[in-house]
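Here is a friendly walk through the model on your screen. Have the sequence and the structure side by side as you read.

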Amino acid sequence: MSDEENEIVREFIIECSEQMDQVDNHILELENDPTNSDLLGIIFRAFHNMKGASGFLGFHKLESLTHVGENLLSKLRDGDIVLSPSITSALMAMGDAVRIIFINIEETGGDGEDDFEKLKSRLSEELKIAINAKKSDVKNSDSDKKEIEKKEEAKDPLDLEIEEALEMAKIRRQKQLLEAKQKLEKEQPSNEEEQPAKEKAVPVKRKRGSDTQTSISDSSIRVNVEVLDFLMNLVGELVLTRNQIVQNYVPTEDSDISKSLQVLNRITSELQEEVMKTRMQPINNMFSKFPRIVRGLADSVNKKIRLDIIGKETELDRTLIESLRDPLTHMVRNSVDHGIESQEKRKANGKDPEGVVVLKAYHESGYVHIDIIDDGAGIDPKIIKAKAIEKNLKTDEQLDSMSDKEIINMIFLPGFSTAEVITNISGRGVGMDVVRTNIEKVGGTVEINSVLGKGSTFNLKVPLTLAIMPALIISVGKERLAIPQVSIQELQLIEKEDMNKLEMLHGTPVLNLRDEFIPLLYLNEQLNIDSEELEKNEQESISVVVLHVDNQMIGLVVDEIFDSQEIVVKPLGPQLEGLTVYAGATILGDGNIALIVDALGLAQKANALSNFDNKIKKAKVDEKFDEVNQSSQLLICRTTDNGRMGIPLDKVLRLESLEKELFEFVGGKEVIKYRGNILQVHKVLNILIDRRKKNRDEENGTIDEKGKKLKIGLNEDVIILEINSIEVGLICGEIMDTFNVYLNEMGASTRKGVMGTLVIDEKVIEVLDVEDIIKTADPHIFSMDVG
Amino acid sequence: MAAQKYCTFYLMKEFFGIEVEYVQEVIRKQNETKIYLAPSEISGLINLRGHVVPVVNMRVRLEFGDSDDIPEKQMNVILKNGNGFIGFLVDKIGEVILLDTDDIKAVPETLSGTAKELITGTYNLENEVLLVLDSEKTKNIKVVL
C-alpha cells in the first residue's frame with residue numbers, strides 16, 4: 001500500500017472511531033427516546049458513510065456488515081419499526097464488531113478473517129421481527145400495509161437517498177397512522193390538515209442540520225500532535241530567550257527598546273498561553289465512553305445503575321487524558337461492580353434500587369479534579385482490617401493506632417490487590433495500587449472518602465498539563481535541582497536548638513515531625529553529589545523538604561531552598577529513561593539546566609517506602625500522642641482578633657462564663673475566685689509568640705477584618721483545664737462550637753504553643769498545645785507538688 | 001559505486017566517521033550539567049537552543065581509558081535522537097569526506113571490547129585509517145541501576 005493510501009486509511013479510521021464513540025452514546029440516548037428521528041438520522045448517516053468509504057477502500061467485510069446495520073437503521077429512522085432493547089443490544093454488538101475490524105485494519109492493513117455472519121443474521125432477524133410486530137399494528141390501523149411491505153422489499157439502501165425524497169410523503173403518511181396508535185410526541189400533528197406543513201418542516205430541519213456540520217468542520221482543522229508539540233517547544237525556547245533578554249537589559253535613555261521589550265514580553269506570554277490551549281481537550285473525549293461501559297457492566301451483574309456525568313467540558317492536556325483513561329476505567333468498573341449493591345440489597349436497606357455513579361470533573365487551584373462518586377455500600381474498615389492482618393500487612397497494634405480513613409486507604413497497598421481479596425471483601429481492591437501508581441506517575445494524587453452504607457468518593461487530582469508544572473528550586477553542593485510542587489508537603493528548617501528532632505532509628509536517620517518519625521534522605525548521598533557545604537551547615541541549621549510520596553512522608557535534606565517557579569519539563573532522551581530518580585530536566589531563566597527530581601523514583605531507589613512504613617512509621621515518641629491518630633473533638637474559639645483556635649476537648653474540664661469584673665491581679669498573675677478556690681487564668685493571645693502583636697495590645701475591643709467592632713461583653717468565656725491535678729483557666733476568646741477532627745491530618749505548626757493547623761469550614765484553625773502554653777505561662781506548674 | 005558522505009572526527013590519534021545524514025550540526029563543547037547516577041559514558045546535559053541534550057563522552061564510550069591529553073577545544077557532534085538530540089563529545093572535527101561504500105573493509109577480528117560492537121568497518125585513506133561507527137549502536141546506552 002502506498003503512503004498516500006495508508007494516510008487515507010488512517011484518516012478513515014480516526015474519523016470513524018470518533019463517529020463510533022458518538023454513535024454509542026446516541027444509541028443509549030435512544031433507549032429513552034426511541035422515536036427521536038434526529039438521533040436515528042445521525043446514527044444512520046454514520047453507518048452509511050462508513051459503508052461507502054469501506055467499499056471504496058476495499059474493506060468488504062466492513063462494508064457488508066455496515067450494510068446490514070444500515071438496513072435496520074433506515075427502517076428505524078423512517079419509523080417503519082420501533083427500537084426495542086434487543087435491537088439496541090444488536091446495534092451495540094455491531095459497534096463492537098466494527099471496532100474489531102478497525103483494529104484489524106490498523107494492525108494488518110486488512111479487515112480480518114471474521115465476517116461476522118452470526119451478527120449479520122442477528123441484525124436481519126431483528127429487522128424481520130420488528131417488521132412483523134409492526135405489521136400486526138398496521139393491520140389494526142387499517143392502513144395500506146401491502147404498500148409498505150413492497151417498499152420495504154424494494155428499497156435498496158444504496159438508492160435510499162434518492163428514493164427518500166420521492167417517497168417521503170407516502171412514508172410520512174403511513175408513519176402518521178402508525179404513530180397515532182402509539183403515544184405521540186405532543187407537537188406531532190395528528191390530523192390530516194396539518195400534514196403539508198409537517199412535510200415542509202422536516203426537510204428544512206435536515207438541511208439546517210447539515211449546514212451546521214459544514215460550518216463546524218470549516219472552523220476547525222486536524223493538526224498532527226507532533227506539530228503542536230514542536231510548536232510548544234519553540235514557544236518554550238522563545239520564553240527562555242525573552243527571559244534572558246529581560247534579565248540582561250540595562251535600562252538606558254533609549255526608551256524605544258524598553259517599550260519593545262514590554263511588547264515582546266506581553267506577546268510571548270500570550271503566545272505561550274494560546275499554544276498551551278491547543279493541547280487542551282475537554283475531558284468528555286474520555287468520559288463519553290463511560291455510559292456504555294457502565295450500561296454493559298451493570299447488565300452483566302444484573303444491577304440498575306445510572307451514570308451522571310458532570311463537568312464534561314473541563315479541559316486538560318491531551319497526554320493526561322490518555323494516561324488517565326485506564327485508571328479511571330478501572331475505578332468506574334470498581335464502583336459498578338463492588339461499590340453499588342445488588343438491587344435486592346438496596347431495597348432491603350431502604351435505598352432506591354437504581355444505584356447512581358457520578359463522574360465529576362472540575363478545575364480547582366490549578367489542578368483538575370475528577371470525582372468518582374457512588375451511593376453504594378461504602379467500604380467497611382473492619383473487613384479491610386481483617387484482611388490486612390490476614391495478609392500480614394499490618395499488626396494489630398498498628399491498626400489500632402490508625403484512623404478509619406487510613407485503614408480504608410490501605411486498599412492502595414500493593415499487597416491488597418489480589419483476586420482473593422475481591423471475593424472476600426464486599427468492597428474494592430482490584431489493582432488499586434496500580435491505579436495510584438499511574439496517577440502519581442503523572443504528578444497526581446488519589447484519595448478515598450467512604451461512609452459505610454452511604455457510598456464512596458474517589459477524588460483524583462492531576463495537574464492541568466504535564467508540560468509545565470510548578471516546582472521548587474533547591475540546591476545541593478553546586479547543583480541546582482527542581483522538585484515538583486505536587487509532591488511537596490511542607491518545608492522544615494531545623495534550627496540548631498531543634499537538632500534533637502533528627503534521630504537514628506534502627507540505623508536509619510529519621511526526622512521527628514510533630515511526633516511522627518519520617519525517614520530522612522540526604523539528597524547529596526542519594527545522588528552521590530559532593531557537598532561539603534552540607535556538613536558545615538549541619539552545625540547551624542538544615543533544610544528539609546518534606547515529600548508526600550505514596551501516601552507517606554519522606555524528609556529530603558538539601559543545602560538550600562530557593563523559590564518556586566513554573567518550569568517547562570523536557571525529556572532526558574531514551575538513554576536516560578531508566579534513571580527513575582529524575583522526571584526530566586528544565587532550563588532555568590539563566591539558561592542553565594536543572595534536573596527534576598522524581599519523588600517517587602527517589603524514594604523507591606532509597607527503599608524508603610513501605611519497608612520503612614512497616615517498621616517504624618507508627619512508633620511514637622510518647623504515649624500521650626497516641627491519641628493524635630484518632631478522631632477527636634475540638635473546641636473552637638474565636639479570638640478577639642478574629643482568628644480561630646482549637647483545643648482538644650478531652651483536655652477540657654468545664655466551660656464557664658465569668659464576669660470580667662471578678663478578675664483580679666495577684667502577684668502579676670490574673671486570678672479569679674472560682675468555686676471557693678483561686679483559679680489562675682491565662683490569656684492565650686498573651687502567651688503565644690504573636691505574629692499579630694499589634695492586636696494583642698488592643699485586645700479588649702479590637703476591630704475585626706471587616707472593620708466591625710466586636711461585641712465587648714461583660715463576661716469572659718473561660719476554659720477550665722486540669723494540668724498536673726491543678727485547675728487552670730484559659731481565655732481564648734468566644735467559644736463557638738465543637739468539631740470532630742483527625743488530629744493526624746494537621747498541617748504544619750505556625751508557632752510555638754500550637755500543635756498544628758486544620759481547616760474547618762474554610763477557616764484555618766490553630767490547634768493549641770495546652771500543656772505547652774500553660775508551661776510557658778507558668779513554668780512551675782509541672783514541678784508543683786500537690787499534696 | 002555507492003557513495004556515502006561521512007562526518008569525521010578524532011579521538012586521541014584515531015580517526016572515526018559517522019554517516020553524515022544522522023548529523024544535525026557540530027558545535028563547540030558547552031557547559032555541561034552533570035547527571036548524577038547516570039551511566040559514565042554520559043557526561044552531562046547541554047542546552048541546545050532550548051532542547052535538553054545528553055552528551056556522550058566518546059572517549060569513555062570507546063573505552064580509551066584515562067588520559068591527561070584532553071584537548072581544550074573539544075567538539076560536540078549533535079545527532080538526532082528519538083524526538084530530540086544527542087551530542088557526541090569528540091577531540092577534534094575532521095572534514096566531511098565522500099567514500100565508496102564498496103571499499104569499506106571488515107573490522108579485524110582481533111578488535112575487542114565495545115569498539116568491536118560499534119565499529120562497522122574500516123577504510124584505508126592515504127595517510128590514515130578511518131574507522132566507521134554505527135551511530136545507532138553508539139547511541140544505545142542503557143541505565144543500569
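## How the two chains meet

Two residues are in contact if their C-beta atoms, placed from the backbone, lie within 7 Å. By that rule, 22 residues of chain B are in contact with 23 residues of chain A. On the side of chain B that touches chain A, the elements giving two or more residues are strand 4 (42-48), strand 5 (51-57) and strand 7 (84-90) of chain B. Helices (H or I, at least four residues) and strands (E, at least two) are DSSP runs, numbered from the N terminus. That side of chain B is made up of 12 nonpolar, seven polar and three charged residues; here Ala, Val, Leu, Ile, Met, Phe, Trp, Tyr, Cys and Pro count as nonpolar, Asp, Glu, Lys and Arg as charged, and the others, Gly among them, as polar.

## What kind of model this is

This is a predicted model, in which local features need pLDDT of at least 70, side-chain atom pairs count only at pLDDT 80 or more, and totals for chains, interfaces and linings use all residues. Residues are numbered from 1 along each chain as its sequence is written, while chains are lettered from A and ligands numbered from 1 in the order in which they are written.

The predictor gives the complex an ipTM of 0.91 and a pTM of 0.48. For chain B, the mean pLDDT (the predictor's confidence in each residue, from 0 to 100) is 88, and 99% of the residues reach 70 or more.

## Chain B

Chain B has three helices and 10 strands, in the order β-β-β-β-β-α-β-β-β-α-β-β-α along the sequence. Among its contacts with a separation of 6 or more, 57% link residues 24 or more positions apart.

Strand 22 (residues 664-666) of chain A pairs with strand 23 (residues 669-674) of chain A in the antiparallel sense over three bridges; pairing requires at least two bridges found by DSSP. Glu664(A) has Val671(A) as its bridge partner in strand 23 of chain A. Two residues lie between these strands, and in this hairpin Gly667(A) takes a positive phi near 55 degrees.

Strand 23 of chain A also runs antiparallel to strand 24 (residues 677-683) of chain A, joined by four bridges. Here the bridge partner of Lys673(A) is Ile678(A) in strand 24 of chain A. This hairpin again has two residues between the strands, with Arg675(A) at a positive phi near 55 degrees.
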